[in-house]
Number of protein chains: 4
Amino acid sequence: MESPPFRVEKVAENFAQVRLLYHDRHLRPGGTISGPSLMALADTAMYLAVLAMIDPVALAVTTNLNIHFLRKPIQADVIGEARLLKLGKRLAVGEVTIYSAGDPEPVAHATVTYSIPPRRETS
Amino acid sequence: MESPPFRVEKVAENFAQVRLLYHDRHLRPGGTISGPSLMALADTAMYLAVLAMIDPVALAVTTNLNIHFLRKPIQADVIGEARLLKLGKRLAVGEVTIYSAGDPEPVAHATVTYSIPPRRETS
Amino acid sequence: MESPPFRVEKVAENFAQVRLLYHDRHLRPGGTISGPSLMALADTAMYLAVLAMIDPVALAVTTNLNIHFLRKPIQADVIGEARLLKLGKRLAVGEVTIYSAGDPEPVAHATVTYSIPPRRETS
Amino acid sequence: MESPPFRVEKVAENFAQVRLLYHDRHLRPGGTISGPSLMALADTAMYLAVLAMIDPVALAVTTNLNIHFLRKPIQADVIGEARLLKLGKRLAVGEVTIYSAGDPEPVAHATVTYSIPPRRETS
């Protein structure tokens, strides 16, 4: 799949906000942004929140993503806000709340785990 | 995102097997099939397993998807095998094991929940 | 298992706070509060958050619980704070953050789904 | 909580089977085995499957447990069967299917992640 059109909105301590630009290609029949696009948004927002806290994590990999789809998104941009819950030496865990722009009710909520590579070891 | 190139391989009682055709667009930097493509594969395989058991489920929607990324896929097609664990009146729950074609070790494992619409009620 | 000694601290709109009283029986070898006790706390806090919003839900049942264990709890009471993310006609989804009393870093984070029984239908 | 009365039934390569003995204390109002008891069973079965493959893992800790409750257990022992999906240097991931003794339909299904301690590093 082509990269969805993400735009980084904000990166702060233990936090990242990423916008998925509304675009017809993300629509599935019925007109909402697809589940895989929301999962990609959750993963990307979490990755940026990790990246903000530790450098060169090019090799950090997602090991788990759990997403609840809560409401049908409206036809608008979608915003993912990732907050780190733990940043350990080996694992980073965070939660991501996803909103339609302009609507306070979340459309999805994810928890995401990243494995952080050690200096020398391989997993 | 454009629909990834899925091919239905087998549908049987409580079971569906779907192949994600290997294609450069699915690669992310580093050369593996992307996480979102694997999540889309898990969701699609589960949807077909549900569809095989009950008809007109056009409105069935994914409410939860939990995926563990286990190994880096090789450069080959990826196959998702969905098995229903429960098919209730309101919820269907299944697990999906994902393999690289020709390799018996799973690259990912997902559990997926679909909400099944009632005849008259709306959720 | 005997009921763990829970105490309801606060119930508000879409929210419940429950305290698990520190007690030797909850300790496993090594001295921390056991994972199952934290899972029971998450489930109970979520149940109360649902109960606060809709009455007679005696038949509401947990359909999914996903918990991340983040840090070893200290030897103190443990507090679970549940927030509803969605309260639909059929499903309620919430997140629960769990802290050791007196320590702001979460020891665990859960997402919990409850199935809400319809008036006439059975699932 | 007191330890539930578990009995190890079988341990083999990448596999463990554990029985939770039926006992009134595990019942919650309504008469079924409690969710926390099923979660404890899933965790224990997975721990034994890991322990069968690598020794001294006294410090291995559960980092994630995701459980779907599928059916009400009958009044009988409950059996958890854990299968490892991945045994890496740092993480072990497995799935656990839980049955009521004598009934082939699963009552619950869990995926469990254990963090495996390194020789010298701390996470």
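1. B:R90, B:L91 and B:S115, together with C:R90, C:L91 and C:S115, line the second largest cavity of this predicted model. A cavity here is a set of points on a 1 Å grid over the protein atoms alone where a 1.4 Å probe fits but cannot get out, and lining residues have an atom within 4 Å of a point. The space inside comes to about 30 Å³, a volume being the space filled by probe spheres set on the points, which are joined across faces, edges and corners. Its lining divides into 2 nonpolar, 2 polar and 2 charged residues (nonpolar: Ala, Val, Leu, Ile, Met, Phe, Trp, Tyr, Cys and Pro; charged: Asp, Glu, Lys and Arg; polar: the others, Gly among them).

2. The largest cavity has a volume of about 130 Å³. Among its 14 lining residues, A:T63, A:N64, A:T113, D:L91 and D:T113 lie nearest the centre. By class, that lining holds 5 nonpolar, 8 polar and 1 charged residues.

3. Do look at α1 (35–51) of chain B too: its 17 residues reach 24 Å from first C-alpha to last, close to the 24 Å expected at 1.5 Å a residue (1.5 Å times one less than the number of residues; helices are DSSP runs of H or I, at least four residues, numbered from the N terminus). Because 14 of the 17 residues are buried, α1(B) is largely enclosed by the rest of the structure (buried: under 20% relative accessible area, 1.4 Å probe, protein chains only).

4. A word on conventions: residues are numbered from 1 along each chain as its sequence is written, and chains are lettered from A and ligands numbered from 1 in the order in which they are written. In this predicted model, local features need pLDDT of at least 70, side-chain atom pairs count only at pLDDT 80 or more, and totals for chains, interfaces and linings use all residues, while side-chain values use heavy atoms, leaving out hydrogens and water.

Conventions
On a 1 Å grid over the protein atoms alone, a cavity is a set of points where a 1.4 Å probe fits but cannot get out, and a pocket is an open set with protein on both sides within 12 Å along at least five of seven lines; lining residues have an atom within 4 Å of a point. Helices (H or I, at least four residues) and strands (E, at least two) are DSSP runs, numbered from the N terminus. Buried means under 20% relative accessible area, exposed over 50%, partly exposed in between (1.4 Å probe, protein chains only).
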